[in-house]
Amino acid sequence: MHHSALDYAEEYYETESRRVYITPTSFLELIKTFSGLLDKRRTALLAQRKRYIRGLEKLAETEESVVALQ
């Protein structure tokens, strides 16, 4: 006897009075892709932030050197 996932979900609801939701694979792939892109973007932003902070530190060091030379 062949049962689809929807049939099993309905049967489960009838016996347990709890709903089961079936998510399409394409939607799960969309979430996975979005998550991957978010991780890449987060990594890139952290690298840019680190470069920015290091640049500010260099500017502060240069300022101290200039003040010391005057």
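# Close-up views of a predicted model

View 1. Arg-41 is partly exposed, having a relative accessible area of 48%. In these legends, buried stands for under 20% relative accessible area, exposed for over 50%, and partly exposed for what lies in between, with a 1.4 Å probe and protein chains only. The model is predicted: local features require a pLDDT of at least 70 and side-chain atom pairs count only at pLDDT 80 or more, while totals for chains, interfaces and linings use all residues. Residues are numbered from 1 along each chain as its sequence is written, and side-chain values use heavy atoms, with hydrogens and water left out. Arg-41 belongs to helix H2; helices (H or I, at least four residues) and strands (E, at least two) are DSSP runs numbered from the N terminus. Along the chain, Arg-41 and Leu-59 are 18 residues apart, and their C-alpha atoms are separated by 27 Å.

**View 2. Ser-35 and Ala-60.** Helix H2, which covers residues 25–69, contains Ser-35. With a relative accessibility of 34%, Ser-35 is classed as partly exposed. Between Ser-35 and Ala-60 there are 37 Å in space, C-alpha to C-alpha, for a separation of 25 residues in sequence.

View 3. Side chains of opposite charge can pair when their charged atoms come close. A salt bridge is counted where a side-chain nitrogen of Lys or Arg is within 4 Å of a carboxyl oxygen of Asp or Glu, and the model has 4 salt bridges by this rule. Arg-54 makes one with Glu-57, with the closest N and O atoms 3.1 Å apart. These two residues are separated by about one helical turn, because they are 3 residues apart in helix H2. Arg-54 also forms a salt bridge with Glu-61, where the closest N and O atoms are 3.9 Å apart. Through salt bridges that share partners, Arg-54, Glu-57 and Glu-61 are joined into one network. The relative accessibility of Arg-54 is 39%, so Arg-54 counts as partly exposed. Glu-57 is likewise partly exposed at 37%, and Glu-61 is partly exposed at 39%.

View 4. What does the side chain of Arg-19 meet in a salt bridge? The partner is Glu-10, at 3.5 Å from N to O. Arg-19 is partly exposed, with 45% relative accessibility, and Glu-10 is partly exposed, with 36%. Arg-19 also lies over the face of Tyr-13, 3.6 Å from the ring centre. For such a contact, NZ of Lys or CZ of Arg must be within 6 Å of the ring centre and within 35 degrees of the ring normal.

View 5. Helix H1 has 12 residues and reaches 16 Å from its first C-alpha to its last, close to the expected 16 Å; the expected span is 1.5 Å times one less than the number of residues. After H1 comes Ser-17, which has a positive phi near 55°. Leu-6 is in H1, a helix of residues 5–16, and is exposed, with a relative accessible area of 62%. Together with Tyr-12, Val-20 and Ile-22, Leu-6 forms a nonpolar surface patch with about 370 Å² of accessible area. Accessible areas come from the Shrake-Rupley method with a 1.4 Å probe, and for residues only the protein chains shown count as cover. Patches consist of residues with over 30% relative accessible area and no salt bridge; like charges are joined within 9 Å, and nonpolar side chains (Val, Leu, Ile, Met, Phe, Trp, Tyr) within 5 Å.
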